[in-house]
Structures are given as structure tokens and as C-alpha cells.
Amino acid sequence: MKIGDLANRTGVNASAIRYYEKLNLVPAPYRASGQRRYTDEAVYRVLLIRFARDMDFSLDEIKIFLSGLNEKAPVGKRWKTLAHSKIKQVNETMARAQQLKSLLEHLLRCRCASLRQCVDRLSLSPKLRLIHRSAK
């Protein structure tokens, strides 16, 4: 299939596909009359890259991820290291999201008389708490 067909089937711009080729994330296709011709396998690879990008994997991480996947071999050590790192990152993101949710819920109920009072009640910053304590 031509690059335009691959782009349409995956929802990824042709320029991004060419860039993925340059980074060796997508194998270089064969050429017919100077035009790139991709196999059906390229669709699955590009879809996987798109999914990984949507999940905030960097292109370097995707390269590790793709090099660690092989139908005939167990998952590689580098891939497992990446997975552990991403799990830690996801847990940190979830904690920040929970803090944001808590803050927004507080703001919906907020009856503070001033910004200072609100910040004090929320204990937004350990440094601010130290400054506040030393000022008393």
C-alpha cells in the first residue's frame, strides 16, 4: 500500500510515518517506481506507535518497546525495565491527578475570606508552611 493509504488506515500523517521510518520505528518499505509500498504489517506497527504516543511514551521509549517485542522470544530485559519505569510514572501521574481533583473539589466548596486563608488551608507548599510558621 502507498504511504497515503497507510496514513488513512492509521490516522497518522504521512510526514510522521516518514519520520518513524527515519528513526527505524517502521521498517523501510520496498519501492515501486520510486514510491514507498508498505506491507499490511506496517499498519499494526504504526497503530502501536500511535497508541504508545497517545499514552505519553517518548519516541526513544517506543523504540525500546518495539525492539523488545518479538513473537518468537520472551519480553526483553530492556522492555521490562521500561515497563517498571512507566508504571512508576503512571503512579506519579495518578497521584497528581488525585491532588488536582481534591483541590478542585475544595475550590467548589471554598468559603475562604482571602487568598491567603485559602492557601493556608490547602497547605499548598511545604516552603510556604515553613515561612508561615517562622513568621508567627
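Colleague: How does Asp40 count at 49% relative accessibility?

Modeller: As partly exposed. Residues under 20% are buried and those over 50% are exposed, with partly exposed in between, so Asp40, at 49%, counts as partly exposed. Keep in mind throughout that this is a predicted model.

Colleague: What share of the 136 residues of the protein counts as buried?

Modeller: The buried share is 23%.

Colleague: How do the axes of helix H1 and helix H3 cross?

Modeller: Two packed helices are described by the angle between their axes and the distance between the axes. For helix H1 (residues 3-10) and helix H3 (residues 40-54), the axes come within 10 Å and the crossing angle is roughly 45°. H1 is therefore oblique to H3. The crossing in which H1 passes H3 is right-handed.

Colleague: And at what angle do helix H4 and H5 pack?

Modeller: The angle between helix H4 (residues 59-67) and H5 is about 135°, and their axes are 8 Å apart. That value makes H4 oblique to H5 as well. As for handedness, H4 passes H5 in a left-handed crossing.

Colleague: Which residue forms a salt bridge with Glu61?

Modeller: Lys86 does, and the closest N and O atoms of the two are 3.2 Å apart. Lys86 sits in helix H5 and Glu61 in helix H4, so to speak a link between distant parts of the chain, 25 residues apart.

Colleague: Are Lys86 and Glu61 buried or exposed?

Modeller: Both Lys86 and Glu61 are buried.

Colleague: How many salt bridges does the count come to?

Modeller: The count is 4. One of them joins Glu105 and Lys101, at 3.8 Å from N to O.

Colleague: Where do Glu105 and Lys101 lie?

Modeller: Both are in helix H5, 4 residues apart, which is about one turn of the helix. Glu105 has 34% relative accessibility and so counts as partly exposed. Lys101, at 45%, is partly exposed too.

Colleague: Which residues form a nonpolar patch on the surface?

Modeller: Leu100, Leu104 and Leu107 do, and together they have about 280 Å² of accessible area. Take Leu104 as the case to read. Leu104 is part of helix H5 (residues 77-109). Its relative accessible area is 45%, so Leu104 is partly exposed.

Colleague: What is the phi of Ser33?

Modeller: Ser33 has a phi near 55°, again a positive value in a residue other than glycine. Ser33 is placed in the loop between S1 and strand S2 (35-37). Ser33 is exposed because its relative accessible area is 80%.

Colleague: One last item: by what distance are the C-alpha atoms of Arg18 and Ala28 separated?

Modeller: By 9.0 Å, for two residues that are 10 residues apart along the chain. Arg18 itself is in helix H2. At 36% relative accessibility, Arg18 counts as partly exposed.

Note on methods. Residues numbered from 1 in each chain as written. Predicted model: local features only at pLDDT ≥ 70, side-chain atom pairs only at ≥ 80, totals over all residues. Heavy atoms only, no water. Patch = residues over 30% accessible without salt bridge, like charges linked within 9 Å, V, L, I, M, F, W, Y side chains within 5 Å. Areas by Shrake-Rupley, 256 points an atom, 1.4 Å probe, with all protein chains shown as cover. Salt bridge = Lys/Arg side-chain N within 4 Å of Asp/Glu carboxyl O. Helix = DSSP H or I, 4+ residues; strand = E, 2+ residues; numbered from the N terminus. Buried < 20%, exposed > 50% of the residue type's maximum accessible area, 1.4 Å probe, protein only. Axes fitted to C-alpha atoms, helices over the stretch in contact; angles between N-to-C directions. Parallel < 35°, antiparallel > 145°, perpendicular 65-115°, else oblique. Left-handed = near helix turned anticlockwise from the far one by under 90°.
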